[in-house]
Every structure is written in C-alpha cells, then in structure tokens.
Amino acid sequence: MCKIIDAKGVNKSFQLANQKVEVLKNVNLEISKGEFISIMGPSGSGKSTLLYLLGGLDKATMGTIRISGVEMNKLGDKDQSSMRRNNIGFIFQAYNLVENLTLEENILLPALLDGKKKKNVMKRAEELMRTVGILERRDHTPRELSGGEQQRTAIARALINEPDILFADEPIGNLDSKTGTGILKLLQQINREKGITILMVTHSEESTRYGNRIIRLKDGEIAV
Amino acid sequence: MRLFMKALLKGLRDKKARTALVLFSIAVSASLIFANECFSKVCEQKFYNADVRWGGNSDICIQTKAAVGAKEWIDENMLARYDHQFAYRYQFIQEKGLYNPSIEKMHYFTVLGVDIKEFNAYNPITLNQGSLDDWNGYKAIIGTTYAKKYNLKVNDIMKLELYGKTYAFKITGISEARGLFVRELADGGFILVPKDTMAKIFKGGSNVSFIKLKDSTQKKAMKEKLTDEFGEYLVEYGVDDSLIAAETTNYVMPFRISAVAVVFMSIFIIFTAFSLITLERIPLIGTLRSIGCTRKRINRLLIGESVFLGAVGGLLGCLMGIGVLEVIIKIYFASDAATLTSAVVLNFRAALTAIGIAIVITTASAILPILRITRIPIKNIILNDVWKKNGRRSKLWIVGLVLLGACAVVPHYLKISFTGMIIGNVVATGALIGMIPLVPFLTRCISRLFGRIPFLSYESALGVRNLHDNKSLLNNIQLFSAAIAIVAFMTSMFHSMNADLIKAYDRDTKYDILLVLRHTDGQTLSKISGIEGVKDCFGSYRADPDISNHQTFFNMLYGIDNEKFFDYNIVQGLNSNNEALANLKNGRNIITTNILKDKLGLKIGDILMIKSGSMDLPYKITGFVETNLGIGHVGYISSDNFKKDMGVSDYSEIYIKTNGNPDSVKNNILRALSKDVMSINTKEELKIANSDKVVPMFNAISVYSYIALLVGLIGIINNLVASFLQRKRSFALLLSVGMSLKGLNRMLITEVVGMGGLGILFGLASAIVMSSAIPSIVCIFWGKVSVALPLSQMAIMGAAGILVMLLIAAVPVMKSNKLSIIESIKYE
Ligand SMILES: Nc1ncnc2c1ncn2[C@@H]1O[C@H](COP(=O)(O)OP(=O)(O)OP(=O)(O)O)[C@@H](O)[C@H]1O
Ligand SMILES: [Mg+2]
C-alpha cells in the first residue's frame, strides 16, 4: 500500500520565556491513501499541533514528515504554497472565510491563486456548491451566513483543487449536532466517492463512526 | 468609578502607539498655534526694534521737511521752552553723503552728525570693533553690513563727499546689526560722524530732534501742541504702536490661515483614533451600564479623558512649538535673524492659548464618537449587536460633491472684500472636507475598474479589491489625499502669487531701466535723453501716503505729468478714463484702481482723504483703472498737485527705454550722471529683487504644509501597523489556502501603492478644485491674481508620493514575512 503521509520520530516543543514545553514526543505515523482518520485525545494533548505539522503549516522540532513522499518543509515558498493549493485542503474549527469575498469567490480562491481560469473551474465550483448545499447563496458574503453554511463553504473551498488529503480540525465543534452530522456525512461521502484521504481532529466518539481508523493522543504521544 | 478610570488609563497605556499618535497630532496643532502666537511677538519685537532704531524709545520726533524752501534747521530755542516737560531731548544732523570708490560701487549713505555720548545714551550702539572714545574731527562709525560689502576695517580711511566736497574720515568703529544699524540694507546704510564736524561742513545746527516726555501719557496732547506750533516741521510719534500692530497682523495672518490646514489634519486623525478607541471600549461601557452607571456619567468620564489628552498634547505642543518657531524665524528672517529671547519663548499667554485650543480641538473631535457609542442601548451591547446591519451605502458622497462643486463655482462670484476672503477660505476648507466622504465612493468606482484589468495577477486583484472593502485602507487614502491636497493647494497658492508678480513685471513694466536721481530739474530728462542708448524717458513722483478716511494706504501714489506715464507703466481700462486724465489737474482729482474700488466700496465722485504730514487732503475720484502693482493700492494724481501737497520737487523715479542692452546703457548713465545717481536698476534686476522678497515668506509658510504632510504620513503608518494586527488572521488564512508569501507581499504592495496612487489622484484633484478659491483668498493682501497651477511641482509631488508609499509598504511586507500561520489562525 502506498503511504500518503509518513511521519517519523516527530517532536515538537515550544520555547516559552523560562521553560520548554514538549507538546509532541516521538510521534511515528503512517497513513495510506483513502483512509479517513479520526484523531482523538484530551484537550491540550497536541492534536491540533500534530495536524498542522502533518499539513505543513508548521515545522517540527525534530523528525521528518513526508506527504506523497515529499518533505514539505524543505520546499521553497513557491512549491510549498503550490502544494497547499493543489495537494492539501484545510478545514478549521472557526470557519475561516475571507470576509470581503462572496461564497463563490471564497471557494474559487485556491483555484484562482493557482492561476486557473475562472471559466474553467466554474463548473466544478458549482458542482461543489451543489454538493454542500449552498448554491443559492453563492453571492452572499460570509457575514450573512449561518455557521453550518460557512463550514460547508470551507469544505467546498478545500476541495476545489481536488486535493489528495483533507485536514479538518474539529470541523463540527461550533455546530449543533444535526448540522454536524450533515457535515460528517458529507466528509464520509467525499472520502468514499473521491478517495480523498481525510484526517479529522474530533472530540466526540460519535464522529469517529464516520472514519475508518482512530489515532489517540495522550500527553503528546500516540496511545496504543 | 475609580475602576473605570483605571480601565481608561490602562487602555491608553496598552495602546501606546495609538495614544502616542493622538498626542502627537494634538501636539502638532498646538505647537503651530503656540509658534504663531510667539511669532507675532517676535514680529512685534522686530518692528519695534526697527522703529526705535532712530530715536530709541523717544516719544516724539521733529524733523525738517524735504521740500525746497522749507526751513533747513530746527530752531532749538523754540523747543527749549518746553524742556521742563521733557525727560530728554537730543538732536543730530542728517544728510546724504556719497561714497565713491568706483562708478559701479558708488553709494549714498545717510550720514548722521551726532554727539556720540548723548546718542549712545538714548539709542545704544553696539560695536564689533573699535571704540567710541575721542569723538572729534573726521572720525566715522559704520555698520557691519556695509563694512563687509566694501571690505572696510577699523582705521581704514573712508572718503565721503558731503555738500560738494570730499573729506577723508577715519573709521573708528564698526557696529553690529543692532539699534540704528538693524535694517541697514533696507535703510541704505548709515555713517555716524561727530556732530561738530558735520555742523562745520553744512554750516548749520540740527535737523532731527528726538524727545522723551517726562509723562509719556501726554504723548498725544504734546504731539498736537507741537504740530500746531512747529507747522514748518514734521512732528511725528517716535514709535507708532498702532502701526506696529497693523504691520504684525499683516505678517502673521498668512501663518494663521495656514495653521488651519494642520489643525484640520489633526482633527481628522484624532476623530478616527477616537472612533476606534471607543469601539474597543464598548464591552466595558456595557458592563458599567448594566450595573447601573448612567449614560451621562460615562459621557462625562470619556470627555474628561479627551480633555486630559488635549491638555497633555497641548503642553507637549508648546515644547515642539519652540522648535517650529526657530525654523520659521530662521527661514523668514534669513538675513537678519531675530533672536529668540526667553521673554518670547516663556510667553505664558501663548502657551495658555495653545493648550486651550488643543483641548477644544481634542474634545470636539472626540465628542461625536463618544456620543455615538454611549447612545447604543444596553441590550444591544450585551448581545453584541452593536452595528445595525443596514445594507444601504452611505449617500454622504453627494454632500462631498456639492461642497467641491461649491468651491469650483462660488469664488467666481466673489468680490474683493474681507467677506469675500472669508467665504473663499470657507469654500476651500469645505472642498477639503467634502473630499473625505467622496473618497470611499470614488475608490469603489475606480477599484472596480482596475479589478477588471486582465493581466493583473489574482493577488494584485485582491489587493485592489481590499482598497475599498477595508476601512483602515480607506481611512489611509483619506488621510493621504488630505495631506496631498493641503500641500498642493499651498504650492498652488504661492505659485499663483509668484507667477502673478513676475507676469505683472513682464506685462506691465514697459521700461528697461528705473533710475532715481538725487536732484532733478527741468533739464534732467533732456539730459538723460542725450545719453547713448537711451531711446526715451519719463519722470514721475511717488509716495505711499495713508488714506485717512478709509484706514488704509496707498502703496503707490503717483504724481504724473501727462498720460505718457502709462506708456511706461501699463494699466488696463485706460480708454474709459480719457476725460478723467485730461482733467486730472483741474482741482484735486485722483484716478485709483478697481481693487480699491471693490475693497472700499468706492464710486466716481467719492472723496479720498490723503494724508500728507499732519494734513488730510481731499481728493475726488474721477476714474478707475485696473492694475496689480502694489497689491492694487495705487492712485494717480497730477504732478502739480503732488508737488504742492506732498511738498517735493524732485522726480521720485525716472523710467528709461533703451535701444541696446540695458546693462550697457545702465553703465552709460552711471558714467554720465555719476554722483547724481541714487539708485539705478534694470528691469531684470528689479524682477529678481521683487521675487526674492516673497520667497522667504513662502518658504516659511510651506513649513506648515509639510508638517501637515508629516502628520498625515505618521497617521498612515500607524494605521498600517494597527490594521496589520487586525488582519493577521486573514493573511494567515490566505497562506493556508495556498497563497505564496510572495503573493501575499504582492497583494500588500498593491494595496499600499494603490492607496498612494488614489491618494495622490484625489489630493491633486481637490487641490485643483480648491485653487479656484485662491484669488478670493489672497486678494486682500496680494491684489488680483489669476490661478496658475504648479503642474511640474504637482507631478513631482505625485512621483514622490508613490515613492514614499513604496517605502511605507515595507511596514506590512516585513511584518508579513514574520507571520506564523498557525499562531495567527489559532489565537484570535
Ligand atoms: N505556540 C505555542 N506556544 C506554546 N505552547 C503552545 C503553542 N501552541 C500550542 N501549545 C501548547 O501545546 C499543547 C497542545 O496544544 P494543541 O492545540 O495541539 O492541543 P489540542 O490537543 O488541539 O487541544 P484542544 O482539544 O483543546 O484543541 C497545549 O498545552 C498548548 O498550550
Ligand atoms: Mg485543538
């Protein structure tokens, strides 16, 4: 099986004013293409930190992380951002949309940044908007939407460039359970139909049902 | 409540940069006000010093008249009768003496024969070199300015021609540019020699006498008494306080007007800063209100805070003002810098005025945001529902358009008058204010247009879009536009004034050489006509008397022999005055200018009382012409009337047209008339001398507009830093979805450069609109001008503006390179 994510001996520590906080200790992880992984653990155990490291948004203090065989941190600004646009999608707990752009523009953002022509990606964007159910609201700005609608927009944006991996940090943390379930179902559907690998941080055991593997973190280590 | 105050103070301390900015802009305004107040003190002091250079602080001055046949010497016995009322009385002989080292350097000095002990006691002399001892025989004291010019030192011999004979004087002292010598260049140079020596040469007594009364309050009565009794002499005040006050106002007025621009910038910055500050305090206010604190009380506290800030800023401003004062004085009085005495700097009243105005400015700009916030109902604050979601866009831009339109149109209908000047100022300021709400509207229109440019990278397109979506960027465009508008408007004003001066010379002056002779008679003009290179010449009489029934003055009152005068000095509207010209000498008739007509509301047949000595002479207006000379305060009477009423017999000036190069003709004239020439200048020389006169004033006032620019730039940088903090999260977000750092930088640079470009565009455009008001603003103290836009300077300003913005762009770019994505996303 081909390893889409391969982390070896990953350590992460933060240097505070007078002490060193070790957040991740010797984490080893292999994830195969097409997996839907739930990361669980108590608050402060380092889940988010791990997710951002794997997604290349931050640098590990020690160890190596390969995504599709590439060490992202060794790449320059250009290649790194290109990978972020094309190979990776992020969904955060707070929806993180660009405030002054409409939903449609938010979704198109990674594609246009990649230099793609608007008319070439429009069809796909519409399809995504239909899938996540915000097609009628495409010309609204984020401020005018509910939390669930915003989160669905964020998912559509993460998918516009057909990434290989989707990272989601508590994507339903701010939503009521019904809306949350809708989002989870959506993720499951994406994982199954498109074969996109998903790593999702979550607090609820309930959510893990949609995934196919659980990684538990405790005090910065993977618990067995 | 103590808690609340603590919270307020903590807020100020936490936002150090912003508090500093607010304090700085208050301080700048205060400093200019302080500097203006002190500057007027400096001017007063300077004019006072100049006025007392003759007679110290004497109360009354008696002089013989210049007219032919007038008494040559003062009758001292007559004066001695009043000695019991005088604290002192001292007199001297004043005559012209020719210093003639070579024909090019020939110069007439005013030679005073004085008793040096007496003179020094009442009007102290400060010597650089030499001494006042052994004051007898052929000794001379000269001023440092002319000593330098002629390279004269103590013990040098200086040959002076007095009363037709040449005498060798030994220089025994060189005086600093103080006292009598304070304005030497303008006065044409003084030489002090022993009184006995002068008396022997001129065979006379004294012709100038200064008097100090024992009881100075009797000044007016004594002057009247002496005027009656000494009808054959000129009796005047030693120092005329009202004249000093009037002169000072004239000097300080332009500075006062210019300070308004800076105050405007300050108010704008303070207003936006306070809007932000109060916004942040909404939660605190909500909490207080919910525990029962009244709205009034909160208002009082917040206003109290702004008063406090105003006072602190005002105090700082006074300190800064000393620096500003130094600069404008250095520039303004470049040649003879007035010294800053502690009496001027520690001017308590100026400081109080500055601090008071600072408090008013601060409170006035803070009060609107404060009231807006405290008016929000508690419920909304607690529910965090502060902003009514009204999708409607503000229509304020229409008001802005109207204000700009008013400025473009109204001045064309304004008359030359004080009211006209006020209205001109108001519409110009209105245009500046009107630009503010127009900026968001126009930015939206323009950036939509630019967003369409096909080859723009997507990051740049986002930057262009942010220009009108981001409040802080919009605010920056407003700030920058206002700063540019102020600087460009001032430049345009000076440019128009200066261009007019030069134009007036080129267009209206039709002679090549202006000559002033010591004596003239019936033969003079024909003698000059015979000199090689002289094509034609004409003489006129000239004075600058007051117009006593209108509290104003003539800069030039000409006595003219006939209408040929106007071949040398062009005026417009002469055709309709043929009859008036022909009848000028049939009675006391005068032709004056349209500017005076508008200013004073005159009409044909009105009487102008022209002051000559102690007499007021009624002249009937028979015509009006159009001229810009002497700010339009000009009048023409017949030479016969002039000679009779002003008591002169020599031509004041002679205009010469030449056949060849004026410079060589000038030398021919000098050679032919040598000692009779008091001054001779070609048109080119006069033009330079005249524009030099106004340049220091322009430069000094420009300091104010540059300060406005500086305040604007500092405001912009502060805004950029503050908004970067606010936008950090959205930048991190863009990076997380795959914008490269380079792309982010491109977006930020596009924003700042777009901001600069729009600011320059709007700023220059409003400066051009505001320029329509220039004629009405300057007419009172400058005469009629037509607007001349300084296009090349504006282009330079535009280029410099973009350059500065590129530099400023470094602020967000450098910050963005240090941005950590997750930290910005995780911690809001
Ligand atoms: N920049 C930082 N500086 C210092 N400490 C940090 C930093 N970022 C994270 N930490 C610490 O690392 C630990 C793990 O943080 P992380 O956000 O990964 O936890 P988490 O498992 O996602 O928790 P939660 O479920 O609450 O989101 C915490 O103790 C946190 O305080
Ligand atoms: Mg977390």
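**Note on salt bridges and the A–B interface**

1. Arg66(A) and Glu71(A) form a salt bridge, with their closest N and O atoms 3.9 Å apart; the term covers a side-chain nitrogen of Lys or Arg within 4 Å of a carboxyl oxygen of Asp or Glu. Arg66(A) is partly exposed at 33% relative accessibility, whereas Glu71(A) is buried at 19%. The classes are buried under 20% relative accessible area, exposed over 50% and partly exposed in between (1.4 Å probe, protein chains only). Arg66(A) and Glu71(A) also belong to a salt-bridge network with Lys74(A).

2. This is a predicted model, in which local features need pLDDT of at least 70 and side-chain atom pairs count only at pLDDT 80 or more, while totals for chains, interfaces and linings use all residues. Residues are numbered from 1 along each chain as its sequence is written, chains are lettered from A and ligands numbered from 1 in the order in which they are written, and side-chain values use heavy atoms, with hydrogens and water left out.

3. Over all chains the structure holds 33 salt bridges. One of them joins Glu206(A) to Arg209(A) at 3.2 Å, N to O; Arg209(A) is exposed, at 58% relative accessibility.

4. In chain B, the side chains of Asp506(B) and Lys687(B) meet in a salt bridge (3.2 Å, N to O). This pair links distant parts of the chain, 181 residues apart: Asp506(B) lies in helix H18 (residues 471–508) and Lys687(B) in helix H25 (residues 683–736). Helices here are DSSP runs (H or I, at least four residues), numbered from the N terminus. Asp506(B) is partly exposed, at 38% relative accessibility.

5. At the interface, 22 residues of chain A are in contact (heavy atoms within 4.5 Å) with 22 residues of chain B. The area buried between the two chains is about 2,100 Å², and carbon and sulfur atoms give 62% of it; buried area is the accessible area (1.4 Å probe) that two parts lose on being put together, summed over both. Asn96(A), Asn100(A) and Leu113(A) supply 25% of the area that chain A buries against chain B, more than any other three residues.

6. The rule finds one salt bridge across this interface. Glu105(A) and Arg465(B) meet in a salt bridge through their side chains, at 2.4 Å, N to O. On the side of chain A that touches chain B, helices H1 (47–54), H2 (77–86) and H3 (103–113) of chain A are the elements giving two or more residues. H3(A) gives the most, with five residues.
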